[in-house]
Amino acid sequence: MGVIAKKNVEKMNDSTRKVLDKSFTALSYCALAAMGAAVLLFLLPIAINGAGAVFFNATVEHWKFLEENLGRELQPEVSERIRLADEARVPLVQMIDEFENPPFAAELEESLRKSFGDAVKGISGARADELSKIVSLENPERARRLKEFSARLWASFVDTAQKARAKSGEDGTSIPLEKILHALEEELTDRVKAEISNFEKRAKLKFSVRQQVRRALCAPASKELLSEAEKLHAQNAAYQEFKSGVEELLGPLSAERKEELKLLRQRYGQPRLDLAENVMDKSVRTISVRERDSAGTEILKRVSSAEFFKGTKVGEMLRYIEGNFTAMLRPEFTAYWGFFFDDPYDSNIFGGIWPMILGTFYLTAGSMIIAAPLGICAAIYFSEYAKPCRLVSILQMCVGTLAGVPSIVFGLFGLAFLINTLKVSDSKSVLAGAITLALLVLPTIIRSCEEALKAVPRSYREAAFGLGAGKWKAIRSVILPAALPSMLTGIIISMGRAAGETAPIIFTAATSAGAALALGDVFTQPTPALPWNIYNLCSEHEMAERVAHVQYGMVLTLIAIVLALNFAAILIRAKLQRKMKA
Amino acid sequence: MTQTETLQPPPEPAEKRPAATAAECGQDEDFAVRAENFSVYYGSFHAVKNVSTGFRRGKVTAIIGPSGCGKSTFLRCVNRMNDLVEGCTTSGLLALDGVDIYHKRLDVVELRRRVGMVFQRPNPFPKSIYENVAFGARLKGVSSRSKLDEIVESSLRRAALWDEVKDRLNSNALGMSGGQQQRMCIARALAISPEVLLMDEPCSALDPKSTARIEDLIAELSGEYTIAIVTHNMQQAARVSDFTAFFYEGSLIEYGATDRLFTNPQCAATNDYITGRFG
Ligand SMILES: Nc1ncnc2c1ncn2[C@@H]1O[C@H](COP(=O)(O)OP(=O)(O)OP(=O)(O)O)[C@@H](O)[C@H]1O
Ligand SMILES: [Mg+2]
């Protein structure tokens, strides 16, 4: 009985153990899967968006930029694409030109000017006698009669102007008319002044009377001209808005216009299809127009261009753009490797991120050149030479505390101590940043190297000392080589940390814009660097949306650098350990 | 203290050691290493208590005793390996050729070159066999390749390892078997041509064949080197040593010529131990 019971118990134990084993295995798989999913969830969007900085549908504007600013040789088929796109834009350019300078504009202007001239001339000409009589009247009567006179004087011109406005409104070609009306309004005072002077040659006027006459004669025409111009203005502003949207999309439409513009972002259209589509939606298909609400305050309202310009020539332009969007931009999928090797242009809107990559490299390498030897020396001192005493324990505590100090404090320290007090450089410089980063990672390096040294088996030490090695000799030829893999791992992981830190370099080394730094300038000049520029692009860029892809590209690059460093750490460790094992 | 109770009679204090033992010690000049009232403490723990003994020049001295009785501690003092242990202090005299080993101005590095040591567990460096054996010679400043080759070959030959490894001198020492590693450690110690060779249970991790080779080696080396060997193997002590020291709970109980000590122990405790009644 007892034996059977015991067997059962053993059997049960056995099966329980198996179940436990299996469930632990399952649990660890679950944990791994969860971790992998988390990493994917975090990395995948970055990877996809970041890859978009290199692989995208490039429009002809992208190629134009590369050719004209970076002197790239274009493939024949790319040049052909540019030519076709330009060809497709010709009708649009024509439409715009025709719209802004309609053939009948000159005629319109002439008739307006003629009727304007006729009216003004009346002051010293045909109607001079009548005016003389009015002028000689006493005041309240004079003012009333002057008003009447002025209305009659301008009646035919006002009529012409209103008719002109109505006609131009029908065609939607209000731009020349608005210009003419404004020009005439400006001329008005001068012309009236001149005619009154002529008129005075007959009858001498008192100063105050002359003023009154001038004011009275200008007022109705001026008011009419301005009100007519204003009626046109809303329409014109909407057109200008639409046109700037088109220029944002396609770039300036004429060579002269291109000459006028200085900023690269104005000199070229959208280099990427996604951005182009965005601009198409936000600035071409819709526009904002000023409107007065019921309380009379002016508000900006977004309206659909198609509706707003319905039936006008602008509406035709919009239709043409919709129909020829692809033809005018010719997007084609490209791998723009220059993203990593080109300088950025116009606040990262064009070009690549080479200076940031180089800056990150300088800062990381510099901080390691400083921190690694110091850290290794300190670790050797702590683990091999230091006898336990108060000074050493205080030092150890300092190292521990330093490891916990927030990185922004290191940044401020770098500014206050390295730059302002020690004056390692006049202002921000790679050197100051590298020293700050070195201080930041030093505690970690010391700790990891110390652990690595402590982990060297005691037998190695005994063997070395037993053979008559001095302390330094034993450290150099036995202990250090044995600790090297772990030490390197620690150092390389610290390197990844230094590469990714933002706060310490804000005040000591980073600048948002700048060309790639020559090696000789690292002691005096600041540099762009990936972590800082990522922050800068998303927080301080005036067109953050337009450079979102650059930002993602930078994030991906930074992550790739850090991961590559960590991977290198693993590889080096594995390789050195294999070498040691046999 | 059950062990103490089984002892008949209880171990005498060091000063009252049997006169025969003192007589056997002979003249000072015969001793390469000599301890006089030597004590070792680990902090406040008295690990080796007032030991007076020595290793005769050119002879093999075996140190036997139950586990934890201070054999290793005593042996490691001879080349001051215990300096590496924190809180380890000594008192009394321990002399190498009449010079105090624990003298303040003694050059420890020089001492360790004169007193080589082989440890219980083989501890090759993670380097090639060649580099391991040449390590001590390089430290002494030998840099010419031919000289080093010579030293490496002769040391490996004396450790009876040359034939097995001559074709793979440049492969990692950790790739050898335990017995080969231990013989390489002996070769490494021999390469600095020490005067005294300390061996702390050199065969405890080895198979009988390797053990036999090492015992042969010891026999071969005796005469030229002063050898001290700690062992738990009575037969081995009897086979290889000329003199034997029996330690018990930190004290030296008996010292004498191996033949005499194993056939006619003076102390009951020694007798109990070598006949296997305890320990
Ligand atoms: N580093 C140390 N710190 C403190 N006590 C120690 C240390 N090394 C050894 N001891 C103690 O000293 C005593 C003697 O140790 P030792 O290693 O010399 O014994 P042993 O005779 O060599 O034993 P074994 O035959 O098991 O190797 C033991 O009680 C041990 O616990
Ligand atoms: Mg021991």
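**Entry 1: ligand 1**

I began with the make-up of the shell around ligand 1, which has five nonpolar, six polar and two charged residues. For these classes, Ala, Val, Leu, Ile, Met, Phe, Trp, Tyr, Cys and Pro count as nonpolar, Asp, Glu, Lys and Arg as charged, and the others, Gly among them, as polar. I note here that this is a predicted model, in which local features need pLDDT of at least 70 and side-chain atom pairs count only at pLDDT 80 or more, while totals for chains, interfaces and linings use all residues. Residues are numbered from 1 along each chain as its sequence is written, chains are lettered from A and ligands numbered from 1 in the order in which they are written, and side-chain values use heavy atoms, with hydrogens and water left out.

Which residues come nearest to ligand 1? I found Ser67(B), Lys71(B), Ser72(B), Thr73(B) and His232(B), out of 13 residues around the ligand. A residue is near if one of its heavy atoms lies within 4 Å of the molecule.

I then looked up the distances to oxygen atoms of ligand 1. An N or O atom in the side chain of Thr73(B) is 2.4 Å from one. For the side chain of Lys71(B) the distance is 2.7 Å. Gly68(B) takes part through a backbone N or O atom, at 2.8 Å. The protein covers 64% of the 630 Å² of accessible area that ligand 1 has on its own. Such areas come from the Shrake-Rupley method with a 1.4 Å probe; for residues, only the protein chains shown count as cover.

**Entry 2: helix H3 of chain B**

Strand E2 (45-56) and helix H3 (71-78) of chain B each supply at least two residues of the ligand shell. The largest share, three residues, comes from H3(B). Helices (H or I, at least four residues) and strands (E, at least two) are DSSP runs, numbered from the N terminus.

Is H3(B) mostly covered or mostly uncovered? I found it mostly covered, with seven of its eight residues buried. Buried means under 20% relative accessible area, exposed over 50%, and partly exposed in between (1.4 Å probe, protein chains only). Lys71(B) and Thr73(B) are among the buried residues, as are Phe74(B), Leu75(B), Arg76(B), Cys77(B) and Val78(B). Arg80(B) follows H3(B) and has a positive phi, near 55°.

**Entry 3: nonpolar cores**

A nonpolar core is a set of buried Ala, Val, Leu, Ile, Met, Phe, Trp, Tyr and Cys residues joined through side-chain atoms within 4.5 Å. The largest has 72 residues, and those with the most contacts inside it are Phe55(B), Phe74(B), Leu94(B) and Leu198(B). Helix H20 (residues 471-500) of chain A gives the most to this core, with 10 residues.

I listed what Leu198(B) touches, leaving out residues up to four places away in sequence; the list includes Phe55(B), Leu75(B), Val78(B) and Ala228(B). Contact means heavy atoms within 4.5 Å.

Asn50(B) is found in strand E2 of chain B. Its phi is near 45°, a positive value in a residue other than glycine. Asn50(B) is partly exposed, at 28% relative accessible area.

Ser193(B) is found in the loop between helix H8 (178-190) and strand E7 (196-200) of chain B. Its phi is near 35°, also positive in a residue other than glycine. At 49% relative accessibility, Ser193(B) counts as partly exposed.

Lys243(A) lies in helix H8 (residues 207-250) of chain A. Is Lys243(A) buried or exposed? I found it buried, with a relative accessible area of 15%. Its side chain makes a polar contact with the side chain of Glu100(A), at 3.0 Å. A polar contact is a pair of N or O atoms within 3.5 Å; within protein, one must be able to donate a hydrogen and the other to accept it, and residues adjacent in sequence count only if both atoms are side-chain atoms.

Gln270(A) sits in the loop between helix H10 (264-267) and helix H11 (273-284) of chain A. Gln270(A) is buried, with a relative accessible area of 0%. A polar atom of its side chain lies 3.2 Å from the backbone oxygen of Glu248(A). Gln270(A) and Leu329(A) are 59 residues apart in sequence, yet 8.6 Å apart in space, C-alpha to C-alpha.
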